[in-house]
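Dear colleague,

Please find below the structure that I am handing over to you. My notes on its charged side chains follow it.

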Amino acid sequence: MSKSTAQGDLYFGIPGDLDEEALQGLLLSARLRSTPDKAALVTRVYLDSFDWRLYSAGGVLSATGGKRSYILRWRPLEGGDTLQFHMDHLPVFVSDLPPMLRGHLEPVLEMRTLSPVVTTRCRLRPFAVLNEDDKTVLRLEIEQDRDVRHGSVRRSADQSRVLLRGVRGYADERRRVESVLLDRGGAVPLARDPLDSALALVGREPADYSSKLRISLDPRQRTDEAATKILSHLLRTMEVNEPGVRADVDTEFLHDYRVAVRRTRSLLSQVKSIFPVQRVERYRREFAWLGQITSPCRDLDVYLLGFEEFRDSLPSSMKTDLTPLRDYLVRHKADEHARLVAALDSARYGKTMADWKVFLETKRPRRTSMANAMRPLNAVANERIWRMYRKVMKQGGAIDDHTPAEAVHELRKSCKKLRYLMEFFRDIYPPEKIDRLIRSLKGLQDNLGDFQDYEVQHTSLATFEAAMEKETGISDGTRRAMDHLIEALVERQHDTREAFRGRFRGFSRKANRGRFEALFRISPDTERTAA
């Protein structure tokens with residue numbers, strides 16, 4: 001594996017009459033000459049995570065070549081050094097990346113795998129641009145796309161461009177070449193990145209999937225129509241993640257699927273009197289079932305994702321003693337995933353999803369007896385958010401050092417419901433105001449979530465320890481390592497409980513209360529009559 005860097009890549013569209021001979025003539029006019037390498041027909045695979053983390057972070061990762069020989073290239077979209085590496089395989093996991101690139105991209109990709117977002121077949125004609133001293137001052141490639149593929153979709157392409165790859169220390173020469181290309185060659189800077197153009201040919205857009213809930217809503221529209229729009233978006237999220245859940249490609253497919261299920265349940269439960277009661281009750285039961293069947297697999301995913309952190313928190317003498325725990329988790333994860341796939345293959349699941357889709361695609365009745373269905377969205381949203389906010393304030397204000405953990409968990413659930421409501425209807429509020437309040441709530445949620453996680457984790461580790469003893473036996477060293485973790489988690493939970501008071505004081509301070517009141521508070525008369 002070898003590596004090289006180049007100052008920011010520049011792409012130019014070129015007219016049809018700017019052939020290789022004409023290009024070499026332009027270089028000569030800039031007192032430079034070029035030596036062409038052999039033209040080649042290559043495959044270029046653009047790689048990213050399913051949720052476009054690399055593109056969203058401002059870069060493009062591509063692998064050009066084939067037959068176990070690839071040039072892996074990381075190219076910042078807004079300029080900066082391009083990193084290039086020779087590899088003998090396409091990377092899938094972040095651990096497959098070269099160390100220098102891994103250090104750069106691991107914080108972005110985290111646990112997500114890489115997969116092709118689009119593949120092109122193109123003819124490349126590389127040139128080394130030399131100065132009068134025969135020093136390479138620039139690298140240039142003429143690229144001609146022949147076709148573009150994504151899954152079973154394949155489209156012919158006829159796009160030509162020239163790529164300039166700068167060499168450090170020769171910025172003046174690169175500017176001269178840019179100048180002659182623009183002024184005399186008829187070239188134009190590309191308005192779209194080659195990745196964007198390739199995606200467009202197969203009907204895709206960059207960042208066409210995100211787990212974030214961003215839905216365009218009108219504050220005056222009927223609440224049942226707005227709710228249908230949100231629920232349809234959540235159904236699409238489940239549908240696009242289901243293949244990844246089945247294949248167990250990476251853990252975030254199941255995570256995003258479960259979040260969509262929880263949000264669906266939350267909307268059906270919290271925004272009342274918009275759909276027929278019997279329909280709501282049926283789908284609340286079915287989505288509760290989906291939450292149950294996906295929970296064991298996700299719980300084990302979380303422990304496997306956190307395993308290295310668990311191990312690293314141990315004294316050096318105990319680190320290797322924790323390996324049997326990982327083996328146990330991997331074994332049971334495989335079993336639970338098989339059960340999950342069987343549930344997804346069941347007639348119950350198929351009928352639930354098909355019926356739910358039909359319900360959401362059915363036009364809402366022009367007139368309905370449901371109390372909140374035809375009311376304007378902003379009125380219903382304000383009511384539900386304000387009521388849940390008041391519940392959070394009441395529950396949080398009642399917690400002291402002696403409050404049982406169950407009451408803390410109830411507050412955590414109320415905070416989650418409040419956040420879901422604010423995110424559902426975010427689009428009808430001023431962005432800077434709603435986002436500020438969501439951030440303030442998230443700070444409180446993080447504390448409550450940590451408290452819950454530490455309790456569940458130390459309880460689960462004790463359960464795992466007993467199960468491992470029963471299944472295969474457990475060594476004294478492994479038992480000591482797990483007991484050490486349990487003690488540490490209990491201590492962290494205590495510290496988190498101590499920190500709660502400060503977090504809640506921050507959330508409930510006068511200025512923050514004023515912001516909630518200004519954005520969501522409803523009149524006392526309306527509050528008494530609200531559903």
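This is a predicted model: local features need pLDDT of at least 70, side-chain atom pairs count only at pLDDT 80 or more; totals for chains, interfaces and linings use all residues.

Residues are numbered from 1 along each chain as its sequence is written, and side-chain values use heavy atoms, with hydrogens and water left out.

A search of the whole structure gives 45 salt bridges (a side-chain nitrogen of Lys or Arg within 4 Å of a carboxyl oxygen of Asp or Glu). One of them joins R168 to D81, at 2.5 Å from N to O. R168 lies in the loop between β9 (153-166) and α4 (171-183), and D81 in the loop between β5 (69-76) and β6 (82-87), so this pair ties together parts that are 87 residues apart in sequence. Helices (H or I, at least four residues) and strands (E, at least two) are DSSP runs, numbered from the N terminus. R168 is exposed, at 51% relative accessibility, whereas D81 is partly exposed at 32%; buried means under 20% relative accessible area, exposed over 50%, and partly exposed in between (1.4 Å probe, protein chains only).

R501 and D401 also form a salt bridge, their closest N and O atoms being 3.4 Å apart. R501 belongs to helix α15 (residues 476-507) and D401 to the loop between α12 (377-397) and α13 (405-424), so the pair links parts 100 residues apart in sequence. R501 is partly exposed, with a relative accessible area of 34%, and D401 is partly exposed at 46%.

Finally, salt bridges with shared partners connect D51, R53, E110, R112, D250 and E252 in one network.

With kind regards
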